[in-house]
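Open the model in your viewer and keep the selection tool ready.

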Amino acid sequence: MNINIKTICTLPLMTALMAICAWITVPFAIPFTLQSFAVFLSLLLLGGRNSFICFSIYIVLGAVGVPVFSSFGAGVGVLLGATGGFIFGFLFSAAVYSLVTFRKKDIGKARIMGCLFAMAAYHLCGAVWYMMLYMEKSNDIISILMTCTIPFVIPDIIKLILAYTVFLKLKKAVGIK
């Protein structure tokens, strides 16, 4: 595992950025937060393994009552609620990112593909979680996807582009190749 002083300093910063971005709601037809921007930036800056640690810290902080989730939410109830699958899905997105970017020659394209597959991973986790919670009310997979996934894909792609742009500006300062 690649833990050095930069990583030790960057992990809490990225965890804090996740909380701050979760608190920022963009009012749109369907409001969304900037949390996935922080997820993408973490994956790009820290890689999959260290992002997994960052996301784990974020989840533990929220579970013990620190208001790190959207709308300053906290507690196990948030994790067991409708958006809990997305939050836990961040862990799976880190694993997927690692698999996609592992030993790739064209790391730039691999990072973008890794983030796209990571996005698919947390959306899948979120949709499955939502389906398990509300299956009695709606057993139509299309309505579940229309409720909790499809409206957020384009905003997430925009946040990915923004995160990659920020990453390109920061990578020299952070020392990433």
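Select Thr-101 and Tyr-97: the side chain of Thr-101 reaches the backbone oxygen of Tyr-97 at 2.8 Å. This is a predicted model; local features need pLDDT of at least 70, side-chain atom pairs count only at pLDDT 80 or more, and totals for chains, interfaces and linings use all residues. Residues are numbered from 1 along each chain as its sequence is written, and side-chain values use heavy atoms, with hydrogens and water left out.

Stay on Thr-101. It lies in helix α4 (helices are DSSP runs of H or I, at least four residues, numbered from the N terminus). Thr-101 has a relative accessible area of 13%, so it is buried (under 20%, 1.4 Å probe, protein chains only). Now show its contacts (heavy atoms within 4.5 Å). Beyond neighbours within four places in sequence, Thr-101 touches Ile-107, Ala-110, Arg-111 and Gly-114.

Next, select α2 and α4. They pack at an angle of about 110°, with axes 8 Å apart (axes are lines fitted to C-alpha atoms over the stretch in contact, and angles run from 0 to 180 degrees between N-to-C directions). The two helices are therefore roughly perpendicular (65 to 115 degrees).

Finish with the largest nonpolar core, 41 residues (buried Ala, Val, Leu, Ile, Met, Phe, Trp, Tyr and Cys joined through side-chain atoms within 4.5 Å). Helix α2 gives the largest share, 13 residues. Met-18, Phe-55 and Tyr-58 have the most contacts inside this core. Pick Tyr-58: its contacts beyond four places in sequence include Thr-15, Met-18, Val-68, Phe-69 and Ile-87.

Methods
Buried < 20%, exposed > 50% of the residue type's maximum accessible area, 1.4 Å probe, protein only. Polar contact = N/O pair within 3.5 Å; in protein donor to acceptor, adjacent residues only side chain to side chain. Parallel < 35°, antiparallel > 145°, perpendicular 65-115°, else oblique.
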